[in-house]
Amino acid sequence: MSQRQIKLGAFIPTTSRHAAGWRHQASRPQDHLSLDYAIELAKTAERGLFDAYFLADGLAVNWSHGASKHNKNVGYSDKVVGFEPLTLFAAISAVTKNIGFIATASTTYEEPYLLARKYASLDHISRSRAAWNVVTTISAETARNFGFSTHPDAKEKYALLNSLIHSDVGLAYSQV
């Protein structure tokens with residue numbers, strides 16, 4: 001019988017996950033778009049024997065689940081700017097050896113072929129260290145970024161997810 005092991009994943013965006021995290025004296029908000037800082041975070045996690053580096057992602061500036069009381073259009077967890085995870089992980093994979101990369105991508109707003117191609121590319125560049133955090137996108141704000149006037153309801157979103165998973169592209173990617 002093989003010995004069970006805990007797998008550790010680090011959720012370490014270059015910005016803090018707490019709304020006021022940027023105010024902490026050790027934070028580095030000026031480095032939120034610094035590749036060197038992102039590499040430093042990944043190397044620190046790798047030295048700490050973390051198995052994976054995870055990044056959530058949203059496809060709209062306002063992707064919060066509730067607006068603040070001060071501005072009904074801006075929520076507490078808004079992500080204004082940040083690196084696109086697959087691109088960032090491709091760069092980081094060149095300077096790390098063991099840590100895996102888990103990136104978020106939406107089946108609602110990503111075309112199956114392009115989505116599979118991006119993940120297959122990261123998987124090859126990183127030497128088999130890529131993983132996909134599958135989401136269907138909760139934020140209705142996203143629809144406008146893709147030229148749609150409305151956001152699909154849950155039934156439509158899950159039908160898109162199902163079609164991707166059961167498509168030839170989805171099956172081919174799962175075997176990469």
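Leaving aside neighbours within four places in sequence, with which residues is Val134 in contact?

1. Basis of the note. This is a predicted model, in which local features need pLDDT of at least 70 and side-chain atom pairs count only at pLDDT 80 or more, while totals for chains, interfaces and linings use all residues. Residues are numbered from 1 along each chain as its sequence is written, and side-chain values use heavy atoms, with hydrogens and water left out.

2. Val134. Apart from neighbours within four places in sequence, Val134 is in contact (heavy atoms within 4.5 Å) with Ala105, Thr107 and Leu161. Val134 lies in strand E4; strands (E, at least two residues) and helices (H or I, at least four) are DSSP runs, numbered from the N terminus. Thr107 is 27 residues away from Val134 in sequence, yet their C-alpha atoms are 7.1 Å apart. Val134 counts as partly exposed because its relative accessibility is 37%; buried means under 20% relative accessible area, exposed over 50%, and partly exposed in between (1.4 Å probe, protein chains only).

3. Largest nonpolar core. This core (buried Ala, Val, Leu, Ile, Met, Phe, Trp, Tyr and Cys residues joined through side-chain atoms within 4.5 Å) has 22 residues, and those with the most contacts inside it are Tyr53, Phe89, Ile92, Phe101, Tyr119 and Leu122. Two or more residues come from each of helix H1 (35-47), strand E2 (52-55), helix H2 (85-93), E3 and helix H3 (112-125). H1 gives the most, with six residues. Helix H1. The 13 residues of H1 reach 18 Å from first C-alpha to last, close to the 18 Å expected at 1.5 Å a residue, where the expected span is 1.5 Å times one less than the number of residues. Its buried residues are Tyr37, Ala38, Ile39, Leu41, Ala42, Ala45 and Glu46. Their cover includes strand E1 (9-11), E2 and H2. Just after H1, Leu49 takes a positive phi of about 65°.

4. Second largest pocket. About 280 Å³ of space lies in this pocket. A pocket is an open set of points on a 1 Å grid over the protein atoms alone, where a 1.4 Å probe fits, with protein on both sides within 12 Å along at least five of seven lines; lining residues have an atom within 4 Å of a point. Of the 20 lining residues, Asp57, Gly58, Thr104, Val135 and Thr137 are the closest to its centre. Strands E3 (100-106) and E4 (130-135) each supply at least two residues of the lining, and E3 provides the largest share, three residues.

Terms used. Points joined across faces, edges and corners; volume = space filled by probe spheres on them.
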